[in-house]
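Here are my notes for you on this structure. Keep the viewer open while you read, and click on each residue as its name comes up.

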Amino acid sequence: MALGCAATMLALGFMAVLPNDALAQTATELITTGLTSTATGTYATDLTVSTFIGNIIRTILAATGIVFLVITVWAGVLYMTAAGEDTKIKKAKGMLTSSVIGLVIIVAAYATTNYVINAIAQAATQTSTSTPG
């Protein structure tokens, strides 16, 4: 046992003493290149109003999903810690039901709006194929 421990300590000591290349310059260049290429696509200068509004809607939907998750987890914790108390169980079930209904309403509103906007955009860009006779 003592021999194995001594061998391990000796190996760790050699690894600590041996030179190790840091390659700090290469890592810095790699990080800078990665950040530059990422920022090039992210911070576009040709931002239009429709792209901006789309980004806002995407952010709001992401925040809604996060709120739904937090409420669902909180309702689950309340339900599990209710210890048989009817008021806490009803409160947890009510929270869960309300959060699911809210999520369904938001998803339905997004789907309806997306369908209507796509239909209007398609109708606006269609050209007439019939020739006047």
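The points below go from the whole chain down to single residues.

1. First, what you are looking at. This is a predicted model, in which local features need pLDDT of at least 70 and side-chain atom pairs count only at pLDDT 80 or more, while totals for chains, interfaces and linings use all residues. Residues are numbered from 1 along each chain as its sequence is written, and side-chain values use heavy atoms, with hydrogens and water left out.

2. Now the overall layout. Helices (H or I, at least four residues) and strands (E, at least two) are DSSP runs, numbered from the N terminus.

3. How much of the chain is buried? Buried residues make up 5% of its 133 residues. Here buried means under 20% relative accessible area, exposed means over 50%, and partly exposed is in between (1.4 Å probe, protein chains only). The accessible surface comes to about 11300 Å², with 72% of it belonging to carbon and sulfur atoms; such areas come from the Shrake-Rupley method with a 1.4 Å probe, and for residues only the protein chains shown count as cover.

4. Take a look at helix H3, residues 49–80. H3 has 32 residues and reaches 46 Å from its first C-alpha to its last, close to the 46 Å expected at 1.5 Å a residue. The expected span is 1.5 Å times one less than the number of residues. Thr64, Ala75 and Leu78 are buried in H3, and the buried residues of this helix pack against helix H4 (86–125).

5. Which residues does Ser99 touch? Ser99 sits in helix H4 and counts as buried because its relative accessible area is 9%. Leaving out residues up to four places away in sequence, Ser99 touches Phe68, Ile71 and Thr72, where contact means heavy atoms within 4.5 Å.

6. Next, the largest pocket, which holds about 360 Å³ of space. The elements that give two or more residues to its lining are H3 and H4. A pocket is worked out on a 1 Å grid over the protein atoms alone: it is an open set of points where a 1.4 Å probe fits, with protein on both sides within 12 Å along at least five of seven lines, and lining residues have an atom within 4 Å of a point. Grid points are joined across faces, edges and corners, and the volume is the space filled by probe spheres set on the points.

7. What lines that pocket? There are 14 lining residues, and Gly54, Ile57, Tyr110, Asn114 and Ile117 lie nearest the centre. H3 gives the largest share, eight residues. The lining divides into seven nonpolar, six polar and one charged; Ala, Val, Leu, Ile, Met, Phe, Trp, Tyr, Cys and Pro count as nonpolar, Asp, Glu, Lys and Arg as charged, and the others, Gly among them, as polar.

8. One backbone angle deserves a click. Most residues other than glycine have a negative phi. Ala83 has a positive phi of about 55 degrees although it is not a glycine. Ala83 lies in the loop between H3 and H4, and counts as exposed because its relative accessibility is 70%.

9. Finally, two pairs to find. Met80, in helix H3, is 12 residues along the chain from Ala92, and their C-alpha atoms are separated by 9.1 Å. Lys93, in helix H4, is 17 residues from Gly76, with 8.6 Å between the C-alpha atoms.
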